[in-house]
Each structure stands twice: as structure tokens, then as C-alpha cells.
Amino acid sequence: YLTPSAGGRAVDWASHLSRLAADSSHWGNVATPVNVFPTGQDSFNAPGSTTYFFELVCRLLITGTTASILSFGLAGTATYNTVAFWTLVSMNATDNVGTTQWTMWSTTQALTAITLTTGATAKHMNVKIEGTVDVNAAGTIEPQFDWTTAPGSVTLIKRGALWRMTPIGPN
């Protein structure tokens, strides 16, 4: 239920959520942009002139041993006025507490490095991204990852991965 403001415009505060119920191996051994979530869970409709808070929390498992750099970006058909997000990525060669950690800040929807070179080792990575996006023209938003070099194996996105996109007001 939504009651518009006096100006006839209001924001529906319902969050868009996507969560993996099982591990997903839809991300092959490639160095091309891939949606974080598999088909059917990977695209979110965003009305125009709306600001969103977004959050991505996921765990990646890569058994390949090719060094690479992980990037994140927002694809889709929506156009943006501004984008700003913060990332925290930790990595370890075993399924343990991350011993290597990177934090990055970005102000673009384009794919942007969120790690340095991961080293030539199997990787368990924890990824947390938070930010805002001011949607100009309505369309879809698709969170994406990319490797600079194919990592040597499929990248497994572990169950429980979560994307949340919540409108916080008009822009």
C-alpha cells in the first residue's frame, strides 16, 4: 500500500532481494563480465528518478591457480546520475578466516577493480559491497563481476549470496 505525496510522487520502500538457495556455478572460467546471480535472479527493475541503497554479500570459491583481479560493476538498461559504493573483500587459500583484505571506493557503475592481484593460488573470497545509485531513466540493474584473467576454474558463488536494493527517495 502506497500513498503518494502532495506532489503525486512517492517511493515504494519495498526492497528488491535476491538470495542464492544453493551454490551456483554459472560463472565459467572466463575473463568477461558475468552477472553475480544466475538467470532469473540477476536483473532488478528500477523506476527512474529514484535513489537506491544497495548491498551485496557473497562468498566465492575458485579452485584455479591463475592470478587475477576481481572487478565489480552495475550493468543493465537503467541510466544513472551518480553511483558510489564501498567494497570489502577478504581472501584465503583455504576455507578459513581471510588473511588478505582489500577495501576500495568507487564512483562509477563501470566494472572497477575491487581487489589487487589475487596470487596464483586457490581462493576463498568474502565480498561485501554497499553503496547508492541515483537512477536517471528507468530500466534494469544487474550487478556483475569480472576477472582480468580467467582464474583457471569455474568461480563458484556460494549459497546464501544476497543482493538487496532499497529505494531511499527521489533524486
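The legends below accompany several views of a predicted model of one chain.

View 1. The secondary structure comes to zero helices and 13 strands, where helices (H or I, at least four residues) and strands (E, at least two) are DSSP runs numbered from the N terminus. Residues are numbered from 1 along each chain as its sequence is written.

**View 2. Confidence of the prediction.** The chain averages a pLDDT of 90, and 93% of the residues score at least 70; pLDDT is the predictor's confidence in each residue, from 0 to 100. Among the elements of the chain, strand β4 (residues 44-46) has the lowest mean pLDDT, 92, whereas strand β6 (residues 70-75) has the highest, 97. In this predicted model, local features need pLDDT of at least 70 and side-chain atom pairs count only at pLDDT 80 or more, while totals for chains, interfaces and linings use all residues, and side-chain values use heavy atoms, with hydrogens and water left out.

**View 3. Overall dimensions.** The C-alpha trace spans about 60 × 30 × 25 Å along its principal axes.

View 4. Of the 171 residues, 43% count as buried, that is, under 20% relative accessible area (1.4 Å probe, protein chains only). Among contacts (heavy atoms within 4.5 Å) between residues at least 6 apart in sequence, 82% join residues at least 24 apart.

How values were computed:
Buried < 20%, exposed > 50% of the residue type's maximum accessible area, 1.4 Å probe, protein only.
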